[in-house]
Amino acid sequence: MAPAEPKYHEILIRLADAGVEAIVVGMASAVIQGVPTMTWDLDIVHRRTPENVERLLAVLEDIEAVARHDPRRIRPGASHLLGPGHMLLETRFGDFDCLGAIDGARTYDDLLALTLEIDLDGRLLRVLTLGELLSVKRRAGRPKDLAAIPYIESTIAEMERAE
């Protein structure tokens, strides 16, 4: 179901238009902030309130989200999104991961002060700062996270030189 070329912009527009409270994390947040890399999925940490989960579920229905790597094609429900776990999804726009928490159980509210607001076609989008993303990647320590560190570090250094 996922397109040959992911269209994460489409997912982000729909989230913003629906008023979903979410923070873009992972390498998508790096790409949005100018890190010269690519990513194969879009990761968000969403606020786990019933109202916000209801808005998120409406977007997930619109983008035809189903559980990734599950032949049963299970659609996410509120119970999946209200908890701290991860919902790894496939959509008509690409792979999309809805995370209840990251990095040692840090939630939307825990991360909020560590975000930037980015303009996305006249809509506000929250992304994890590059400095915080760098810290998260270091703590995670997986090979793919360690491989991303030099790219994030060099982009931060370039931004600091440009100031």
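## Helix α6 and residue E132

In this predicted model, residue E132 is part of helix α6. With a relative accessibility of 13%, E132 counts as buried, because the cut-off for that class is under 20% relative accessible area. When its neighbours within four places in sequence are set aside, the residues in contact with E132 are D103, R106, L114 and R139.

## How α6 packs against α7

Two packed helices are described by the angle between their axes and by the distance between the axes. Helix α6, which covers residues 130–140, packs with helix α7, which covers residues 143–162, at an angle of about 160°, and their axes are 9 Å apart. The two helices are therefore roughly antiparallel, since angles over 145 degrees are placed in that class. The crossing that α6 makes with α7 is left-handed.

On the side of α6, the contact is made by L130, G131, L133, L134, K137, R138 and A140, while α7 contributes D145, I149, I152, E153, T155, I156 and M159.

Residue G85 is found in the loop between α4, residues 78–82, and β4, residues 86–91. Its relative accessible area of 37% makes G85 partly exposed. Not counting residues up to four places away in sequence, G85 touches C98, L99 and G100. Between G85 and I32 there are 53 residues of separation in sequence, and their C-alpha atoms are 24 Å apart in space.

How values were computed: Residues numbered from 1 in each chain as written. Predicted model: local features only at pLDDT ≥ 70, side-chain atom pairs only at ≥ 80, totals over all residues. Heavy atoms only, no water. Axes fitted to C-alpha atoms, helices over the stretch in contact; angles between N-to-C directions. Helix = DSSP H or I, 4+ residues; strand = E, 2+ residues; numbered from the N terminus. Parallel < 35°, antiparallel > 145°, perpendicular 65-115°, else oblique. Left-handed = near helix turned anticlockwise from the far one by under 90°. Contact = heavy atoms within 4.5 Å. Buried < 20%, exposed > 50% of the residue type's maximum accessible area, 1.4 Å probe, protein only.
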